[in-house]
Amino acid sequence: MTESTQPLENREVRIPCGDAWLHGDLVLPAGFIGLVLFVHGSGSGRHSARNRQVAHRLQQAGIATLLFDLLTAQEEQVDLHTLQHRFDIDLLTRRIQDATAWVMRQPELQQAPLGYFGASTGSAAALISAARLGQRIAAVVSRGGRPDLAGPVALAAITAPTLLIVGGNDDGVVELNQQAFEHLRCSKQLAIVPGATHLFEERGALEQVASLAASWFSTHLAERQPRNLMPTERSS
């Protein structure tokens, strides 16, 4: 896998989602091969150090990234006290679909292969969105996720190559990922990081996640490149 040494273009963006506006950070490496949208989990946001570390690794591999808040500032405050939004998979799914629609309206991103990187409950929203968008999504990676919350019907409908990464010591979540894995009918892989717990805080664990994700996205986003670069599609 070739790592990019080209400068990065960084932008703060505002994404319309119904009556709300969500804030995000868009990073575009020179000559990027595709874009990965990050779908964070419960109690997290675009400033998550873990997701930013993975995003940096993807950027080094020439992959554009979009980290954005799934909740508004007001919703986050409510969620801190009630926890009512972080497990609202329908809401999170609508938000990721709105963000994806926004990406596809941006002139420099319209032809880019798209991927989702989901964490915790955000993984379920990413997987449901991937099932609904079909061939428009080129790859999905779940980190310590709850893919079971997507449900067997959505899991079976996903066409994008899907990688589930889970810590070997993430009690209960390993089994939930194994069960969800059986429902997937797409190209798939289950990677268990030995000794890692839910947040991959152990030495070297998150680096393994980042490397696995970068390899998966590099392979499957690149597979979409020839089609996206066809002159007939570029001329629109």
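Biologist: Which residues does F68 touch, not counting those up to four places away in sequence?
Modeller: In this predicted model, F68 touches I15, L22, H23, G24, L37, F38, H40, R46, R95, I96 and A99.

Biologist: And which residues have the most contacts inside the largest nonpolar core?
Modeller: Those are I15, L35, L37, L66 and F68. The core itself has 43 residues.

Biologist: What does the second core include?
Modeller: That core is separate and has 27 residues, among them L58, A191, V193 and A205.

Biologist: Turning to the sheet, what is the order of its strands?
Modeller: The order is β1-β2-β4-β3-β5-β6-β7-β8, in an open sheet of eight strands with mixed pairing.

Biologist: Which strands are at the edges?
Modeller: Strands β1 (8-17) and β8 (188-193) are the edge strands, and each of them pairs on one side only. From one strand to the next, the twist averages 20°.

Biologist: Do tell me about β5 and β6: parallel or antiparallel?
Modeller: Strand β5 (residues 114-119) pairs with strand β6 (residues 137-143) in the parallel sense, over six bridges. Within that region, F117 has V141 in β6 as its bridge partner.

Biologist: Which strands does helix α1 touch?
Modeller: Helix α1 (residues 49-60) packs on the sheet and touches β1, β2 (20-29), β3 (35-39), β4 (64-68), β5 and β6. The direction of α1 makes about 165° with that of β4.

Biologist: And where does helix α4 lie?
Modeller: Helix α4 (residues 121-133) lies across β3, β5, β6 and β7 (162-167). Relative to β5, helix α4 runs at about 155°.

Key
Residues numbered from 1 in each chain as written. Predicted model: local features only at pLDDT ≥ 70, side-chain atom pairs only at ≥ 80, totals over all residues. Heavy atoms only, no water. Core = buried A, V, L, I, M, F, W, Y, C linked by side-chain atoms within 4.5 Å. Buried < 20%, exposed > 50% of the residue type's maximum accessible area, 1.4 Å probe, protein only. Contact = heavy atoms within 4.5 Å. Pairing = 2+ DSSP bridges. Helix = DSSP H or I, 4+ residues; strand = E, 2+ residues; numbered from the N terminus. Axes fitted to C-alpha atoms, helices over the stretch in contact; angles between N-to-C directions.
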